Amino acid sequence: MLRLAPALAIGILLGPVAFGILATLIPAFGYLPSLGAFEVSTRYFAEVWATPGIVQSALLSLSTGLVTTAVALLVVFLFVAGWHGTPAFLRMQHFLSPLLSVPHAAAAFGLAFLIAPSGQIMRLLSPWATGSTRPPDLLILQDPLGLSMMAGLIVKEIPFLLLVTLAALPQASVARSGQIAGALGYGRMSGFLFTSWPAIYRQIRLAVFAVIAYATSVVDVAIILGPSTPSTLAVRLTQWMNDPDLALRLTASAGALVQLGLTLLAIALWIAAEWIGRLVRLSLERRGKRLARDQWLRGTALAATVLAGLAVFAGLAILAIWSVAGFWSFPDALPRNFTLDTWSRALPSIGRPLSITITTALAAVFAATALALACLELEARTGRTGGSRALWFVYLPLIVPQVSFVFGLQLFFLNIGLDATWLALAFVHLVFVLPYVFLSLSDPWRAWDQRYASIAYGLGATPNRTFWRVRLPMLLKPALAASAVGFAVSIGQYLPTVLIGAGRLPTITTEAVALASGGDRRVIGVYAFLQMVLPFIGFALATMIPAFLFRNRRDMGTAA
Amino acid sequence: MSALIYDGVRIALNGRTLLDIQANVEAGQTLTIMGPSGSGKSSLLAYTGGFLGPAFEASGAILLNGQDVTQLPAYRRHTGILFQDPLLFPHMSVGGNLIFAVPQSIRGAERDERVAQALAHAELPDFADRDPATLSGGQKARVALMRVLLAEPKALLLDEPFSKLDSGLRDQVRSFVFAEAKRQNLPTVLVTHDEADAEAAGGQVIALG
């Protein structure tokens, strides 16, 4: 059984992507028998091309992907370069870690409530600073350049890239290299750039590609914060895919391939930029640039990181307040009264989305955790790792845009009669949950002292007994933490849920995003609050269960 | 017939031979492998215990009480091992660590009885419910030894088990371990870089590197 685990995991990571793209490719060229389309042609690509504003949509997607990734990575680089090994660094790590579990849509709503013309910042500035008792007539949200959408993505990708970078730090012996460079007169940041960054970047590169892919094709954040005249390519594709006019599905398939090409183009442009960045670094190195006066830059880096974190936290707080707000007029900083009316009005319709959200997440997380454990256990028993190729498989579903293959999967499920079923939904969630669970679990699992297993074997315990009685209990904390990460990922899934559920399997996230156009801040507050509270409950349980089980075992608090 | 026989055991890493050993260890006797760190001396214990990493190339036979165990998986060899650290399972109580080692063929109240005897023998009565983290270094070392012995091993493997103890404690734990190995009539393989260990073991010594 255990021997089959890696093949099964690779099948789950690779199969849906490959199959989904294939199932998009065929209708894109006009072949979709269930719609009576048999004629092979390129006319659907021509239709995509002829859609008004399509080039503008594509350019918006491209620029969003590149700008978001560049800014988020720059902030993370400057912050790590300037502050690694300091107490401030550790504090920021604790401050930003919880943000990873906040679904993108909730963070985007929070930011919207913060920066909108009638949002919290304007309320706090009015009327004393703005001189106005009415919201200014500014197009802040959904601006045509997509700046607020980029901001919403950047504040969410900074914690992600920071945590990925943190995981890569221990292998790079950053402190020692920094001291040596410092002794040679290099600044803290330039020393880090020259000695540690190349090795760290190599390790986080796939995660950076995943951010590019995500930001070029994101749908939920783009609906909430992005422009609508025109929207991003992925948003328009999603509209076509859900259009009652079934003929549009052929055009949508062609568009999904255009999206795939666009994301690949963004990654190609990024690789070109990497190459230029490398030349600049080498040139600075060769000229022995010390760049020692970096105090101002360190300060800027810290400020930018704090600002990004604060924006999300403040946004979430505002969401919570709106969900219990009574009468609240502009420019009051707080509602005049608090009420549970919104909650009691929303409650009757929350039950079904909530139970679909939780059962889907639990099923996907259980399967993903079991698979990841099986793969890692097999690796420990045989002493053979999948190597760097395995990492590509793990990242594959994160690097191929969701909209480019999930639509194909929807057509596939439709053909085998499993469309809009809970089973199909849980399976597709598994595809996206598995990479995160595996990535979270593999480091602590591999860091475990293998001598414990040698001792158990020497005592005559079988490998299975050793796994269940020694290894799994000792690694329960990271295993549950990885499950909590997976749970948060499942809660946050928007596009796969909308496409696979075909509107018949609502979750908290799809309901929240659907409310975006209505603009009822109180109801949005309720759903977005639930969106952030569910992952939080997951993490709380993942911390409390081991703490309770091992409350009388001092070393279990620190071990692994 | 010796209790533990290394018949032409050769271990190499990346084409470099680390050790090449022909040795017989009688029951109750100790074979000491001396060598600096990096000489690959611990790889002999890993090969004996059945947990040598795939990077090593090893050949030659290991016979335990006349049985060739070279191809047996680690958990069927019954070679108890002590490392530098006591490595008590941190999620179990002291008693839990010990009862985990008692062979499954022993059932019921007899299991608890064995654990109680072992604790009494290690002069740690009433320690069954304790958290291993609250024990002193010497106490942990004794529990680790008792855990190995409760599993009724056919041989004892010692991987520098005294090197991390401070000098006063070291002599005490060392004599306890060797006395127990002798009492249980176990063939023992000791890997160390400390001359005093070799002297205390008092058997054949093979120097590496």
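**Close-up views of a predicted two-chain model**

**View 1. The contact between chain A and chain B, as placed in this predicted model.** The contact draws on 24 residues from chain A and 24 residues from chain B. On the side of chain A that touches chain B, helix 19 (451-458), helix 20 (463-474) and helix 25 (555-558) of chain A each contribute at least two residues, and the largest share, six residues, is that of helix 19 of chain A. For the model, the scores are ipTM 0.95 and pTM 0.92.

**View 2. An open sheet of five strands in chain B.** The strands follow the order 6-7-8-3-9, and their pairing is parallel. Strand 6 (79-82) and strand 9 (204-207) of chain B form the edges, each pairing on one side only, while neighbouring strands of the sheet are turned against each other by 15° on average, direction ignored.

**View 3. Strand 3 and strand 8 of chain B, with helix 1 of chain B.** Strand 3 (residues 30-34) and strand 8 (residues 188-192) of chain B run parallel and are joined by five bridges; Leu31(B) stands opposite Val189(B), which belongs to strand 8 of chain B. Helix 1 (residues 41-49) of chain B lies across strand 3, strand 6, strand 7 (155-159) and strand 8 of chain B, and it runs at about 150° to strand 8 of chain B.

**View 4. Confidence along chain B.** The average pLDDT of chain B is 93, with 99% of the residues scoring at least 70. Within chain B, confidence is highest in helix 2 (residues 94-101) of chain B, at a mean of 96, and lowest in helix 6 (residues 195-201) of chain B, at 89.

Definitions and conventions:
Residues numbered from 1 in each chain as written. Chains lettered and ligands numbered in written order. Predicted model: local features only at pLDDT ≥ 70, side-chain atom pairs only at ≥ 80, totals over all residues. Contact = placed C-beta atoms within 7 Å. Helix = DSSP H or I, 4+ residues; strand = E, 2+ residues; numbered from the N terminus. pLDDT = per-residue confidence, 0-100. Pairing = 2+ DSSP bridges. Axes fitted to C-alpha atoms, helices over the stretch in contact; angles between N-to-C directions.
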